[in-house]
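Q: Could you take a close look at the aromatic rings in this structure and explain how they are arranged in pairs?

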Amino acid sequence: QVQPVESGGGLVQAGGSLKLSCTSSGGSFIRHGMAWFRRAPGKEREFVAAVTWAGRKTYYGVSAKGRFTIARDNDNTAYLQMNSLNPEDTAVYYCAAGLDTADYRVYYRNPDVYDYWGQGTQVTVSS
């Protein structure tokens, strides 16, 4: 079965960039929509970005738009390129995968769409 595993988190100074990767330790991500969520200390889980299974459509949360880019290699890996980072981006970032259906284009922001979640990778942005 699909099991996302995140990597690439770490420490970065404000204004810097970081690229996260998500691979599957089990089945491939074929026909799965992919998404990144994050959770900062004391805050609720927040939608960051999503991409449809073929990579033809991307979606972004308000905090990510214009700064972050989601991409995938179709089957095996999803990425989140983060630029212009600020301390408010400090959070645990989670990769999620869910079977892409017609409704995915509507409900991609809903965590319930995703059946598979990684354990998260810590991103810390210093001033």
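A: In this predicted model, Y59 and Y108 are both buried. The centres of their rings lie 3.7 Å apart and their planes meet at 20°, so the pair of Y59 and Y108 is stacked, given that planes under 30 degrees apart count as stacked. Y59 belongs to strand β6, whereas Y108 is found in the loop between α1 (104-107) and β10 (116-117), so this pair ties together parts that are 49 residues apart in sequence.

The structure holds seven aromatic pairs, and another of them is formed by F37 and F47, whose ring centres are 5.6 Å apart and whose planes stand at 70°, so that this pair is edge-to-face, the term used for planes over 60 degrees apart. Here F37 sits in strand β4 (residues 32-39) and F47 in strand β5 (residues 46-51), so the pair ties together parts that are 10 residues apart in sequence. Like the two tyrosines, which are both buried, F37 and F47 are both buried.

Taken as a group, the residues F37, F47, Y59, Y104, Y108, Y114 and W117 are linked by ring pairs into a cluster.

Aromatic rings also meet charged side chains in this model: the charged end of K19 sits over the ring of Y79, at 4.6 Å from the centre of that ring, while the charged end of R31 sits over the ring of W53, at 4.7 Å from its centre.

Notes. Residues are numbered from 1 along each chain as its sequence is written. This is a predicted model: local features need pLDDT of at least 70, side-chain atom pairs count only at pLDDT 80 or more; totals for chains, interfaces and linings use all residues. Side-chain values use heavy atoms; hydrogens and water are left out. Rings of Phe, Tyr and Trp (its six-membered ring) pair if their centres lie within 6.5 Å; planes under 30 degrees apart count as stacked, over 60 as edge-to-face and the rest as tilted. Helices (H or I, at least four residues) and strands (E, at least two) are DSSP runs, numbered from the N terminus. Buried means under 20% relative accessible area, exposed over 50%, partly exposed in between (1.4 Å probe, protein chains only). A charge sits over a ring if NZ of Lys or CZ of Arg is within 6 Å of the ring centre and within 35 degrees of the ring normal.
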